Structures are given as structure tokens and as C-alpha cells.
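Me: Please take a close look at a single part of the structure shown below. I would like that part set against the chain as a whole, in one connected account.

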Amino acid sequence: MSKNNTSNINIRNKRASFEYIFIDRFTAGIVLTGTEIKSIRAGKASLVDTYCLVINGEVWVKNMHIAPYEFGSYNNHNVRRDRKLLLNRKEIRHLADDLKSPGFTLVPTRLYIDENGRAKLDIHLCRGKKEYDKRASMKDRDDRREIDRAFKVKY
């Protein structure tokens with residue numbers, strides 16, 4: 001893949017912003033096999049019900065779905081295997097300390113291919129929203145939509 005080609009692969013976890021309050025963001029590389037990266041470049045991945053854990057000083061993404069590569073043979077990968085994330089020690093230590101507090105979790109929000117052709121995963125340290133927070137988010141979203149409609153009609 002040429003460095004001049006910018007990839008349009010941008011897989012998002014849209015539900016995460018509704019379910020969680022984002023505190024801090026990290027960008028991590030992912031350890032993948034050959035058929036997994038080919039499947040991601042084809043846009044065949046999903047971040048639904050995905051979460052991250054810190055285990056023995058390593059960050060792992062659990063339950064991430066990467067569809068089997070259609071041209072892969074018997075060497076095709078397991079669809080929902082655990083995948084290691086690449087972060088530096090300082091970031092991992094920071095995450096491990098924050099995750100010890102109750103109510104905090106690590107949620108992947110975006111999977112993309114960077115300018116060098118590598119798969120990257122944006123993960124957020126977040127806290128779950130309460131029911132009233134979710135209602136407030138829906139009300140704000142609806143209000144913004146109404147303001148945009150009114151502004152488009154007038155001008």
C-alpha cells in the first residue's frame with residue numbers, strides 16, 4: 001500500500017458515546033494476522049460489544065469481530081479471538097491505575113487504517129452513564145437537530 005493513498009476504513013462504535021462518558025483517549029496498534037488485516041482493509045470488522053482489559057501489564061481487546069477473509073484458506077483466523085493492543089508502558093500503567101477505580105472501563109470507539117497502512121484502534125477510558133444522563137443526551141441531540149432544521153429553513 002502506498003503512503004500517498006489514504007484509507008477510507010473508519011469503523012466506529014456508535015453506541016459507546018450513548019452508553020459512556022469519555023474521560024481519556026488513547027490510540028493503540030493491534031497485533032493481527034495476515035488474513036485479519038486483509039479483512040479489515042475490506043471493511044469487514046465490527047466493534048459492537050467490544051471491550052478492553054489490562055492483563056499482566058498488557059492491554060487486550062475482547063470480543064472484536066473481524067469477518068473471515070473470503071480468499072483465505074485453512075489459515076483463516078478465528079473471528080472473535082482476543083487481540084493484543086500495542087501501547088507504551090507509561091500508558092498501560094496509567095490505564096491499569098484508573099481501571100482499579102469502580103465504574104471505569106476501556107471501550108474501543110474507532111478502528112481505522114493510518115497513513116502507513118497499519119490498523120489502529122482508538123480506545124477511551126470511560127465511565128457508564130446513568131439513565132438520566134442518557135435521557136439528557138437524547139434531549140440535547142434532539143434540540144441540536146431542531147436548531148439545525150430551523151436554521152436551514154430560514155437561510
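Reply: In the protein chain, the mean positions of the 32 positive and 20 negative charges are 3 Å apart. Lys and Arg count here as positive and Asp and Glu as negative, with His and the chain ends not counted; each charge is placed at NZ of Lys, CZ of Arg, CG of Asp or CD of Glu. The model is predicted, so that local features need pLDDT of at least 70 and side-chain atom pairs count only at pLDDT 80 or more, while totals for chains, interfaces and linings use all residues. Residues are numbered from 1 along each chain as its sequence is written, and side-chain values use heavy atoms, with hydrogens and water left out.

The protein chain holds 4 helices and 9 strands (DSSP runs numbered from the N terminus, H or I of at least four residues for helices and E of at least two for strands). Their order from the N terminus is β-α-β-α-β-β-β-β-β-α-β-β-α. The C-alpha trace spans about 55 × 40 × 30 Å along its principal axes. Of the 155 residues, 32% are buried (under 20% relative accessible area; over 50% is exposed and in between is partly exposed, with a 1.4 Å probe and protein chains only). Among contacts (heavy atoms within 4.5 Å) with a separation of 6 or more, 66% join residues 24 or more positions apart.

Y112 is found in strand β8, whereas D122 lies in strand β9. Y112 counts as buried because its relative accessibility is 14%; D122 counts as buried because its value is 4%. Setting aside residues up to four places away in sequence, Y112 touches I9, N10, T27, R118, A119, K120 and D122. With the neighbours within four places likewise left out, D122 is in contact with R25, F26, T27, V107, P108, T109, R110 and Y112.

Within α2 (residues 34-41), the buried residues are T35, E36, I37, S39 and I40. After α2 comes G43, with a positive phi near 80 degrees.

Two further sites give a contrast. V79 lies in the loop between β6 and β7 and counts as partly exposed because its relative accessibility is 22%. Beyond its neighbours within four places in sequence, V79 contacts M64, H65, I66 and P68. Its C-alpha atom is separated by 41 Å from that of E146, a residue 67 positions away along the chain. Y51, in strand β4 (residues 51-55), counts as partly exposed because its relative accessibility is 37%. Together with L53 and I55, Y51 makes a nonpolar surface patch of about 230 Å².

How values were computed
Patch = residues over 30% accessible without salt bridge, like charges linked within 9 Å, V, L, I, M, F, W, Y side chains within 5 Å. Areas by Shrake-Rupley, 256 points an atom, 1.4 Å probe, with all protein chains shown as cover. Salt bridge = Lys/Arg side-chain N within 4 Å of Asp/Glu carboxyl O.
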